[in-house]
Amino acid sequence: MFKIGELKDMKEQWFYKELNKDERYILKCCFFVFAVNGLYSMILGSLLPLISTEYNLNNTISGGLISAHQTGNLISAFIAGVLPLYLGRKKSVIFLCSFVVLGFSIMILTGNPMLLLLGFLFTGLSRGSISNFNNTLVNEVSNSSHVALNVLHSVFAVGALVSPFLVILSTNLYGELGWKITAGLIIILAIISMVLFSKMKIDNTKKTEKVNVSYDFLKNRDFCISAGILFFYLCAEATINGWMVKYFIDSRIMTIEYAQMLASLLWLVILCGRLTCAFLGVRISKKILLLTTSCGTAIFYILLLSTNSISVITIAIMGLGFSMAGIYPTTVSTVGNVTKDYPMAMGVLLMVGGIGAIIMPIITGALSDSFGIFAGMGAIVAAIILMIVCVVLNVSSSYIHVESEAK
C-alpha cells in the first residue's frame, strides 16, 4: 500500500488534469513568458562586449550596466508587492513588462552611459517583477505543486540556454548590426508577453491582511550566516554571468562565438545541477551538500582563471556550473523555518543577496580598468572564499546545536 505522502505526490504530478481551460491558459502563458524572461535576463552578458565595443564604453561603465540590471531586479521586489494594491495584478505586470521594451529600445538608440544605465535598470525591474508574478500565480493555480514550479524554473533555464546562440546567429547573419536585431526580437517577444498577460482571467484584486511585523530573526545566528552565504554567492554568480564572455574576448583566449557557446553550456550544466541537487537533497545533509558545492565552485573557478587552454576552460565551466547550481536554493532551504515564522525574513534575505549582485560587477569593472581584466575577474575568488567561510560557520553551527541538545 502507498503511504499518504506518496499518494499526495502522485496526485500532485497530475495537477494539470485537474485544471480548467482558463487555468491551463494561465499556466502556459506563465511558462512562455518565463522562458522569455530567462532569454533577456541572461542575454545581457552576451550583449555586453558588443554594446561596449559599439559605444566605446570602458570597463567601469560596463560593470555598472550589470550592476544597474541587478539594482532594478532588487527594486522590483518592493514594487511588485505594492503596485498590485493600486492597479491590480494584471495591469501591474503588464505595466512592469513594458520596461523590457523601454530598456532594450534605449540600448538600440543611444550610447549615452546614463541612459544605458537606465535601460539596464529597466530590464532588471521587469525581470524581477515578472519572476515574482509568475512564481506567485503558478503556485496559486497549481495548488503549490512542486512539479509546476520546477517546470517554470526549467523553462527559464531553457531561455537562458538559447540566448547565446541567438546572439551568435544574429551577429553571423547581420554582422555589427546583429546585436540590435537580437534586441529588437526581445522587444517583440516582450510585447507578445504583454498581450498574453492581458488575456488572462485572474482576480485583479489582492486581499491584504495585517501581519505582525517582527525583525527578531536578525538575532538568529543561522539566518545571518545564510544571508552572508547568499551575499557572497550572488557577488560571484552575477559577475561571472555578466563578465565571463567579455573576459574571454578581452583576454583573447577564444573567439566570441565559442565564448557565447560556453555561456550557454554554463546554463545547461546549471540546469542539470539543480535537478541533481533536488534529487540528492532528500538523501544527504543539506549542510554537507552546501559545503561540497561551495568548495567545488572555488576549485573550478580557480581552474578557469589559471589556464588559457580552451579544453580545460570548457571542463572548468562544466564543473563550475554544476557546483554553483544548488547553492542558492539549498541555502534558502536551510533557514526555511525562520522564513516561515517571520514574514519579513525572506525579503531581507533576498535583499542582502541582491546587494552583493549589485556591488561586485562594478568592482570587477573598476579593477579591470585599473589593473586589467584578469585582476577584475580574480577578485571574484575573494567573494567565493568568503562564501566558503560562511558555509563552514553554517555547518559548525549545526554541530553546536546537536551537541547542546545532546547535553
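**Exercise 1. How many salt bridges does a search of the whole structure find?**

Solution. The structure is a predicted model, in which local features need pLDDT of at least 70, side-chain atom pairs count only at pLDDT 80 or more, and totals for chains, interfaces and linings use all residues. Residues are numbered from 1 along each chain as its sequence is written, and side-chain values use heavy atoms, with hydrogens and water left out.

Step 1. Apply the criterion to the whole structure; the search finds three salt bridges.

**Exercise 2. Describe the salt bridges of Lys 180 with Glu 54 and of Asp 250 with Lys 246.**

Solution. 

Step 1. The side chains of Lys 180 and Glu 54 meet at 3.7 Å, N to O. Lys 180 belongs to helix H8 and Glu 54 to helix H2, so this pair ties together parts 126 residues apart in sequence. Glu 54 is partly exposed, at 35% relative accessible area.

Step 2. In the salt bridge of Asp 250 and Lys 246, the closest N and O atoms are 3.0 Å apart. Both residues lie in helix H9, four residues apart, which is about one turn of the helix.

Step 3. Asp 250 is partly exposed at 34% relative accessibility, whereas Lys 246 is buried at 6%.

**Exercise 3. Which residues make the nonpolar surface patch of about 460 Å²?**

Solution. 

Step 1. Patches are made of residues with over 30% relative accessible area and no salt bridge; like charges are joined within 9 Å, and nonpolar side chains (Val, Leu, Ile, Met, Phe, Trp, Tyr) within 5 Å. Accessible areas come from the Shrake-Rupley method with a 1.4 Å probe, and for residues only the protein chains shown count as cover.

Step 2. The patch is made by Phe 78, Met 351, Ile 355, Ile 359, Ile 362 and Ile 363.

Step 3. Helix H15 (residues 345-371) gives the most to this patch, with five residues. Ile 362 lies in helix H15 and is partly exposed, at 37% relative accessibility.

**Exercise 4. Locate Asn 56 and Arg 252, and state the phi of each.**

Solution. 

Step 1. Asn 56 lies in the loop between H2 and helix H3 (59-82). Arg 252 lies in the loop between H9 and helix H10 (256-280).

Step 2. Phi is near 55° for Asn 56, a positive value in a residue other than glycine. Phi of Arg 252 is likewise near 55°, also positive in a residue other than glycine.

Step 3. Asn 56 is exposed at 71% relative accessibility, and Arg 252 is exposed at 77%.

Terms used. A salt bridge is a side-chain nitrogen of Lys or Arg within 4 Å of a carboxyl oxygen of Asp or Glu. Helices (H or I, at least four residues) and strands (E, at least two) are DSSP runs, numbered from the N terminus. Buried means under 20% relative accessible area, exposed over 50%, partly exposed in between (1.4 Å probe, protein chains only).
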